[in-house]
Amino acid sequence: MSECEPNETDPVVADDIAPVAAAAASTTDLNFRSQEPLLTLFDRNTVGSGTNPGVAIRISGSCESVLTELETDGSGEETLLLPCLSGGTSSPRGERQKRTRRNRRSSSSDKDNLTSPGNSSGDFNHFPGDPEFGDIIQRAEQAIEGGVFPERISQGSSGSYFVKDSKGKILGVFKPKSEEPYGHLNPKWTKYFHKLCCPCCFGRGCLIPNQGYLSEVAASLVDTRLGLGVVPKTKAVYLVSETFHYNTIDRAKSRGKKYALEMVPKVGRHFHRVGLPPKLGSFQLFVEGYHEADYWLRRFEAEPLPENIRKQLQSQFERLVILDYVIRNTDRGNDNWLIKYEKPGEGEGEKVSCVCVCVCVCAIQIAAIDNGLAFPFKHPDEWRAYPFHWACLPQAKVPFSQETRELVLSRLSDMNFVQDLCEDLYELFMADKGFDKTMFERQMSVMRGQILNLSQALKDNKTPIQLVQMVVTLGTAFTQTFHCKRPFFSSW
């Protein structure tokens, strides 16, 4: 949808003018903390008169008046403050109203979609276990502050962005939760018309809506745990940029806060956050030198690969198959997995940077991107079967290699490993405010069934195409022998 920007005469919205005592006790937004100390301001004319002594004041000329937020009729939006008006007060809110305000969701901020990971939610964009990734996110934030904004990707049916550093180099791809294909702030109209004109075919009935960003992160987690190394590192982060898709209310709020901060600094410093609200989404590291699979597969048909390169491609392909089968990817076409190939002699003297975790340097590598439509809570049973498109390739007719079996079979056959994987995914998915334990259990049931089939196929030396033709299995019985570490696993 197009966004109309308020002009200079439009009212601006003031938000988060909260009592100073509450503001000093509460933590600020993620990575958007104000570095200025909070000062308590009182209206000299109201101290001791029964008025709430903790309210902020607005100074207009020589007059001071108490500012409070008015509650609208159930909409949860704050009062509109006209910059030309100097006075006017309202009844202060009660303590219960102050508490319930925290539960009201901002129109486009994804801050409330993630429960606090501790006493301080500001630690979310910190990655102590992965300082390299944290450094990349910091570079991206600094670039945005310096005016190098993320660029929206034209392809696809959702809002996704190339995030760059201060020099304009692409660092990664950011996919906000609110701009997913059926998200309420998706800037592309394709899925909107799909939902409006064809509701009977709305979305994928086997997937939980608006959890694509979690699916992206979870695919990276599974890839890391299995040691496949075909998914570029992906984590959930918060980012804010003017180029993201916001509605008019949020942009008006931002202008109102900036106006108050510039015109009345004593009041502006009490805002919980100045500027546009941050968006939660998946951030996947960008891989260079890759082309869509179709590009190279057509060339490989015309120019057969040397035997050693062909084996490397087969090994990488088998890792892609294992990933897609375990997470039950419903959107693996040849346009959302990439191939990087350097012919012998092209990169002599240079060490090839390998995306996968391999002991040896590979001349050909695969990157599995766009994993947002995976982890279904039931096997697809609609009129669309959502097949694995790689099953039509000649590589799918070759049995799994001994190298691949040695890599994953011992892990997939270990019940403790599968349980730990489920627990890791639980910790990831439960962070979302819309988390439903029952639906998550069904997702894990499907995944465990896929693991059962995959383990059997590897033991029987089957091919990838024989794997996808196996009878669907649910993994409920697979967990009965688990020694459960968490209470909620006992129901599986």
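## Aromatic pairs

Two rings of Phe, Tyr or Trp form a pair if their centres lie within 6.5 Å, the six-membered ring being used for Trp. In this predicted model, ring pairs link Phe317, Tyr325, Trp337, Phe388 and Trp390 into a cluster. The structure holds 18 aromatic pairs. The rings of tyrosine 295 and tryptophan 296 have centres 5.2 Å apart and planes at 80°, so this pair is edge-to-face. Tyrosine 295 counts as partly exposed, with 33% relative accessibility, whereas tryptophan 296, at 7%, counts as buried.

Phenylalanine 388 and tryptophan 390 form a stacked pair, with 4.8 Å from centre to centre and 15° between the planes. Both phenylalanine 388 and tryptophan 390 are buried.

## Charges over rings

Two lysines are placed over aromatic rings. The charged end of lysine 235 sits over the ring of phenylalanine 133, 5.9 Å from its centre. Lysine 279 lies over the face of tyrosine 246, and here the distance to the ring centre is 4.8 Å.

## An open sheet and its helix

Strands of a sheet pair through backbone hydrogen bonds, in either a parallel or an antiparallel manner. Here, five strands form an open sheet with antiparallel pairing, in the order β5-β6-β7-β9-β8. At the edges stand β5 (151–152) and β8 (234–239); each has a single partner strand, so one side of each is left without a neighbour in the sheet.

Strand β7 (residues 170–176) pairs with strand β9 (residues 279–285) in the antiparallel sense over five bridges. Valine 173 has glutamine 284 in β9 as its bridge partner. Helix α5 (residues 212–226) packs on the sheet and touches β7, β8 and β9. The direction of helix α5 makes about 35° with that of β9.

Key
Residues numbered from 1 in each chain as written. Predicted model: local features only at pLDDT ≥ 70, side-chain atom pairs only at ≥ 80, totals over all residues. Heavy atoms only, no water. Phe/Tyr/Trp six-rings, centres within 6.5 Å; stacked < 30°, edge-to-face > 60°. Buried < 20%, exposed > 50% of the residue type's maximum accessible area, 1.4 Å probe, protein only. Lys NZ or Arg CZ within 6 Å of the ring centre and 35° of its normal. Pairing = 2+ DSSP bridges. Helix = DSSP H or I, 4+ residues; strand = E, 2+ residues; numbered from the N terminus. Contact = heavy atoms within 4.5 Å. Axes fitted to C-alpha atoms, helices over the stretch in contact; angles between N-to-C directions.
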